[in-house]
Amino acid sequence: MNSNVIARKLEALQKKAAIRSIDVAKVLQIRPETVSRWNQGKAFPQPRAERTLLDLEYIVDLLADLYEPQEARTWLFARQKALDGGIPAELIQQGQTERVLAVIKQLLDGTYA
């Protein structure tokens, strides 16, 4: 994945969910400076970080169908009853993306009240 693609993905996260570089760094468990270097094309994500970044982008894309950007950011970083009090960003960080996706699918389908 080239640096331009990474920069576009980071920009999409900002636009669709008000997610800043520091938020991306927190979810990916890396330093904010690393995200900045990706954005500038000076470095590339390692495979694990790249996978998590792609998962985060996919989730944000789905949330954009439900929420305004700031609401999507709040949803990602707040405890969610549907996740037994889990915080979606932390679950993504822990590799539990499928759990988060299942809840979002319920929200999109209108099957979660």
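Which residue with a positive phi follows H2? In this predicted model, H2 is followed by Gln29, whose phi is positive, near 60°. Gln29 sits in the loop between H2 and H3, and it takes this positive phi although it is not a glycine.

Ala18 belongs to the loop between H1 and H2. Is Ala18 buried or exposed? Its relative accessibility is 14%, so Ala18 counts as buried, the cut-off being under 20%.

The largest nonpolar core contains 30 residues, and Trp38 and Leu76 are the ones with the most contacts inside it. Two or more residues of this core come from each of helix H1 (3-17), helix H2 (21-28), helix H3 (32-39), helix H4 (47-63), helix H5 (69-77), helix H6 (88-93) and helix H7 (97-109). Which helix gives the most to this core? That helix is H4, with seven residues. As general background, nonpolar side chains in soluble globular proteins tend to be buried together.

The buried residues of H4 are Ala49, Thr52, Leu53, Asp55, Leu56, Ile59, Val60, Leu62 and Leu63. In H2, the buried residues are Asp23, Val24, Ala25, Val27 and Leu28.

Which residues of H7 are buried? They are Thr97, Val100, Leu101, Val103 and Ile104. These residues cover an arc of only 160° around the axis, which means that they lie on the same side of H7. The buried residues of H7 pack against H4, H5 and H6. On the face turned away from this buried side, H7 carries the exposed residues Glu98 and Lys105.

Some individual side chains complete the picture. Arg73 lies over the face of Phe77, at 5.1 Å from the ring centre. How many aromatic pairs are there in the model? The count comes to zero, where a pair needs ring centres within 6.5 Å. Finally, Lys42 lies in the loop between H3 and H4. With a relative accessible area of 61%, Lys42 is exposed, because the cut-off for that class is over 50%. Lys42 and Phe77 are 35 residues apart along the chain, and their C-alpha atoms are separated by 28 Å.

Methods. Residues are numbered from 1 along each chain as its sequence is written. This is a predicted model: local features need pLDDT of at least 70, side-chain atom pairs count only at pLDDT 80 or more; totals for chains, interfaces and linings use all residues. Side-chain values use heavy atoms; hydrogens and water are left out. Rings of Phe, Tyr and Trp (its six-membered ring) pair if their centres lie within 6.5 Å; planes under 30 degrees apart count as stacked, over 60 as edge-to-face and the rest as tilted. A charge sits over a ring if NZ of Lys or CZ of Arg is within 6 Å of the ring centre and within 35 degrees of the ring normal. A nonpolar core is a set of buried Ala, Val, Leu, Ile, Met, Phe, Trp, Tyr and Cys residues joined through side-chain atoms within 4.5 Å. Buried means under 20% relative accessible area, exposed over 50%, partly exposed in between (1.4 Å probe, protein chains only). Helices (H or I, at least four residues) and strands (E, at least two) are DSSP runs, numbered from the N terminus. The arc is that of the directions from the helix axis to the C-beta atoms. Contact means heavy atoms within 4.5 Å.
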